[in-house]
Amino acid sequence: MKIDGTHYRTIWVANDGWSVEIIDQTKLPHEFAVAPLRSAEDAARAIKDMLVRGAPLIGATAAYGLCMALREDASDENLDRTYDMLLATRPTAVNLKWSLDAMRDAVRSAGGNARVEAAYAEAARLCDEDVETCRKIGENGLRIVRGIAEAKPGETVNILTHCNAGWLACVDWGTALAPIYMAHDAGLLVHVWVDETRPRNQGASLTAFELGRHGVPHTIVPDNAGGHLMQHGLVDMCIVGTDRTTSTGDVANKIGTYLKALAADANGVPFYVALPHTTIDWTLKDGVREIEIEQRSPREVTHMTGRTDKGDIVTVEISAPGSAAVNYGFDVTPARFVTGLITERGVAPASREGLLSLYPEKKAGNKNA
Ligand code: MRU
């Protein structure tokens, strides 16, 4: 994606050839700041404190965290210790484990300097693969948007999204937003309803920022507005991302996604989930019972950060002092509320059969399962 004419990914190796740079997402939309990561501990902190966030980008950052750890000490002990440290940063997005497993497999047989080189090569490959995967998700999702556009010629296709599943959540392109960028670039009339996404406001701060920089028409709405919009025919489709999707098509995504899926179901609005294969957890069958839901600090609920009219960034308390607050980061939308899964291999029903039709190598008995 381009920011003021310069193409950026969300993560890259710095000019020194080993440290890593990221876009500090805690500063957006008010400041576009690049932050250096110089160790695995820096990478872990960036993930935990959400300087980087979004399932694919968490995985990419962990991969480079492992590279920097091995550069300091390429031993098996350090590999395992760093793997565990990075894995513990955030529990819900399965891309983190997928990426760390891929890294460990790629470097295990190499020793010393060769191990460090293998690690950086694998991290770069994972990032490139993520970009290509998201591009294909965009192409596959574009066909759906085009279908809706053709059914209402000359009119705008209104798409509702939740949280941020755009290029800031991935290495480039995004998952849920990739079809929207492609539709806009193809000249289709699209408009996006952006859920603000309390408590951290990824919609208002990040999705709106991205869409605005790309010139995609959009409107920020409070999280509670979706049902009303759908009831009044103002939403043609929903597209969201996911942090972990079970082998049966249950979808964990940012808290509030489930309510949007219920409203979409009640109002006959198609509800699509866009995801790369790295977000599928083939070991799970029941998302509601089996997916670990991250709980974050209640302070994210009781306080908000923003910019004053004078331009100062301030954090203010918005609740009655002393009231308890709870902060579940994600919820699970059962597969029956999902119209389709948009992946890099195509679109399928949210079910075991649907996923296996796209990923036949995962069928029981297949040596790659
Ligand atoms: O807590 P976050 O900001 O990491 O949550 C991000 C989401 O819920 C995204 O929708 C999800 O990771 C998909 S990103 C392509």
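Student: How many salt bridges are counted between domain 1 and domain 2?

Tutor: The count between these domains is two. The model is predicted, with local features requiring pLDDT of at least 70 and side-chain atom pairs pLDDT 80 or more, whereas totals for chains, interfaces and linings use all residues. Residues are numbered from 1 along each chain as its sequence is written, and side-chain values use heavy atoms, without hydrogens and water.

Student: Why is the meeting of the Asp4 and Arg213 side chains called a salt bridge?

Tutor: The term requires a side-chain nitrogen of Lys or Arg within 4 Å of a carboxyl oxygen of Asp or Glu.

Student: What makes residues of domain 1 and domain 2 count as being in contact?

Tutor: Contact means heavy atoms within 4.5 Å. By that rule, 31 residues of domain 1 are in contact with 34 residues of domain 2.

Student: What is the area buried between domain 1 and domain 2?

Tutor: It is about 2,800 Å², with carbon and sulfur atoms giving 57%. Buried area is the accessible area (1.4 Å probe) that two parts lose on being put together, summed over both. His30, Arg53 and Thr92 supply 22% of the area that domain 1 buries against domain 2, more than any other three residues.

Student: Where do domain 1 and domain 2 lie in the chain?

Tutor: Domain 1 spans 2–129 and domain 2 spans 139–362, bounds that come from an automatic or database domain assignment. Their centres, taken over C-alpha atoms, are separated by 24 Å.
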